[in-house]
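Biologist: Please take me through how to read the side-chain pairs in a model, one kind at a time.

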Amino acid sequence: MTMECSDEVFELNVKPPKRLRTVQTGAETEPDAQESQSKVDVDDSRKVMEAWKGKLEARGISVVISGHNSDQPRGVGYAKNKAVAQSSGKYLCFQDADDIMLPQRVRLQFETSVLHSSSLIGCRVRRLPESSTERYTRWINTITQDQLLTQVYTSHGPTVIMPTWFCSRDWFSTVGWFSEESKGVPEDLIFFYQSLREGGLVTRVDQCLVVYRYHEKATTHSVKEETIWNLRVGFLQERVISQWESFTIWNAGKQGRKLYRCLNDTNRNKVKAFCDVDHNKINKGFYTYEDSKERPKPRIPILHYKDASPPFIICVKLDMTGGVLEENLNSLQLKEGIDFFHFN
């Protein structure tokens with residue numbers, strides 16, 4: 001396959017022949033022999049690595065193998081922390097097993113990390129299959145350096161994605177390592193937010209340096225949407241809303257109302273209005289918070305966006321309005337990161 005990124009062309013074999021180990025014999029088989037096998041054992045990774053250890057070390061490649069004695073999987077965070085603990089370099093380059101590192105990645109990210117010692121360094125990516133997660137991939141590759149910090153509250157997660165991270169070991173230790181809680185915990189988002197709390201920055205090398213694979217059984221899909229939502233709401237309140245005396249939620253629909261309900265009492269009382277472009281919603285006049293224990297129940301005005309005042313929390317999906325949202329924001333001469341923040 002030919003990959004074209006940042007004026008460079010790479011020839012990649014992205015689908016190398018697979019070998020499987022059979023339960024009956026433990027022998028390796030070629031793909032075209034798979035149909036004749038009744039069962040395939042894919043749980044002996046450590047044995048496979050141990051068998052290769054001597055061959056690799058004979059070629060001068062150091063191999064460190066470890067594991068644990070737990071009956072249950074220890075999770076992605078545990079594995080990453082273990083790998084970091086067993087390594088010795090001053091810099092850390094993270095790479096998922098199913099992704100592909102393109103030429104010059106380590107050099108370019110190392111040079112950037114030397115200049116930005118308290119930053120998480122990312123890069124642009126090429127998605128495989130190319131048609132998967134088009135909006136997400138476009139967001140990864142096109143948000144500006146400023147937006148790497150202002151758009152950390154969106155549902156996309158870290159503004160530089162975990163499989164592209166590069167940082168100094170000192171900064172990694174300052175942040176405090178990955179969460180090792182059970183499956184379903186977004187250890188990358190937790191670490192990313194903690195890095196920002198510690199005063200860290202986010203930087204991206206604007207070249208395509210990683211081929212980022214998509215598959216339905218990826219670990220990231222085990223994380224519940226509500227878990228990520230709660231982390232995002234908490235961080236938004238901590239970093240943004242706590243600094244404001246009042247604000248407007250842009251979107252009187254489902255997502256805007258959900259955000260309102262999930263705020264703590266103090267920050268919910270700061271919401272002075274919802275705003276929208278939908279005249280059906282605007283004509284209702286108010287949103288009544290029915291779950292409130294207050295009497296009378298809070299009634300929040302619903303305004304046309306031109307009649308509302310900043311600052312805003314934008315609860316409209318990015319890249320889904322054909323540029324209308326962006327035009328509306330520009331018409332008000334608002335500055336992202338000061339007058340508004342994207343949440344969805």
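Biologist: Where do glutamate 50 and arginine 46 lie, and how many residues apart are they?

Modeller: Helices (H or I, at least four residues) and strands (E, at least two) are DSSP runs, numbered from the N terminus. Both residues are in helix 1 (residues 45-58), 4 residues apart, or about one turn of the helix. This is a predicted model, where local features need pLDDT of at least 70 and side-chain atom pairs 80 or more, while totals for chains, interfaces and linings use all residues. Residues are numbered from 1 along each chain as its sequence is written, and side-chain values use heavy atoms, without hydrogens or water.

Biologist: What do glutamate 50 and arginine 46 form?

Modeller: They form a salt bridge, with the closest N and O atoms 3.2 Å apart; the term requires a side-chain nitrogen of Lys or Arg within 4 Å of a carboxyl oxygen of Asp or Glu. Helix 1 also holds lysine 53 and glutamate 57, again 4 residues apart, and their side chains meet in a salt bridge at 2.7 Å, N to O. By this rule the count comes to 13 salt bridges.

Biologist: Are glutamate 50 and arginine 46 buried, partly exposed or exposed?

Modeller: Buried means under 20% relative accessible area, exposed over 50%, and partly exposed in between (1.4 Å probe, protein chains only). Glutamate 50 has 42%, so it is partly exposed; arginine 46, at 44%, is partly exposed too. For the other pair, lysine 53 has 27% and glutamate 57 has 37%, and both values count as partly exposed.

Biologist: Which salt bridge links distant parts of the chain?

Modeller: Glutamate 238 forms one with arginine 197, where the closest N and O atoms are 2.9 Å apart. That pair links helix 8 (residues 225-239), which holds glutamate 238, to helix 7 (residues 187-197), which holds arginine 197, and the two residues are 41 apart. Elsewhere, salt bridges with shared partners join Arg124, Arg204 and Asp206 into one network.

Biologist: How many aromatic pairs are in the whole structure?

Modeller: A pair of aromatic rings is described by the distance of the centres and the angle of the planes. Rings of Phe, Tyr and Trp (its six-membered ring) pair if their centres lie within 6.5 Å; planes under 30 degrees apart are stacked, over 60 edge-to-face, the rest tilted. The search finds 25 aromatic pairs. One of them, tyrosine 91 with phenylalanine 110, is edge-to-face, at 5.0 Å centre to centre and 85 degrees between the planes. Tyrosine 91 is in strand 5 (residues 91-93) and phenylalanine 110 in helix 3, so the pair ties together parts 19 residues apart in sequence. The rings of phenylalanine 94 and phenylalanine 172 have centres 6.1 Å apart and planes at 35 degrees, so that pair is tilted. Phenylalanine 94 lies in the loop between strand 5 and strand 6 (100-101) and phenylalanine 172 in helix 6 (residues 169-175), so parts 78 residues apart in sequence are tied together. Phenylalanine 94 and phenylalanine 172 are both buried.

Biologist: What sits over the ring of phenylalanine 343?

Modeller: A charge counts as over a ring if NZ of Lys or CZ of Arg is within 6 Å of the ring centre and within 35 degrees of the ring normal. Here the charged end of arginine 232 sits over phenylalanine 343, 4.1 Å from the ring centre. Lysine 55 likewise lies over the face of tryptophan 52, with 4.6 Å to the ring centre.
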